[in-house]
Amino acid sequence: MKLERLNCKVRCDVGICNNSASFTLVTGGTLIKRRLNLCDKCMKELYEEIGRVIIPRSPANILSKGEKRG
């Protein structure tokens, strides 16, 4: 799955949004008409919602907390 910037004028696919899409979500093996087209506003809102659901985790510490270094 990858995100591409659109060069042509296409309507945003989100709900009642009538803005022109700037981005398209491309998945392998799908037709052009099956792609999800998003405007800048909807893309920002989607980004914020994904950030609320998927919280990045820090990598596990390599050293144990009780060990002395050096």
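## Fold, cysteines and serine 22

From the N terminus on, the protein chain is ordered β-β-β-α, with three strands and one helix (DSSP runs numbered from the N terminus: helices are H or I of at least four residues, strands are E of at least two). This is a predicted model, in which local features need pLDDT of at least 70 and side-chain atom pairs pLDDT 80 or more, while totals for chains, interfaces and linings use all residues. Numbering starts from 1 along each chain as its sequence is written, and side-chain values use heavy atoms, without hydrogens and water.

Of the 70 residues in the protein chain, 19% are buried (under 20% relative accessible area, with a 1.4 Å probe and protein chains only; exposed is over 50%, partly exposed in between).

The count of disulfides (pairs of cysteine sulfur atoms within 2.5 Å) is zero. The sulfur of cysteine 12 is too far from its closest cysteine sulfur for a bond. Cysteine 42 is likewise in no disulfide.

| Cysteine | Nearest cysteine sulfur | Distance |
|---|---|---|
| Cysteine 12 | Cysteine 42 | 3.7 Å |
| Cysteine 42 | Cysteine 39 | 3.5 Å |

Cysteine 12 is buried at 1% relative accessibility, and cysteine 42 is buried at 9%.

Serine 22 sits in the loop between strand E1 (2-5) and strand E2 (23-26). With a relative accessible area of 15%, serine 22 is buried. Beyond its neighbours within four places in sequence, serine 22 has contacts (heavy atoms within 4.5 Å) with residues including Glu4, Leu38 and Asp40.
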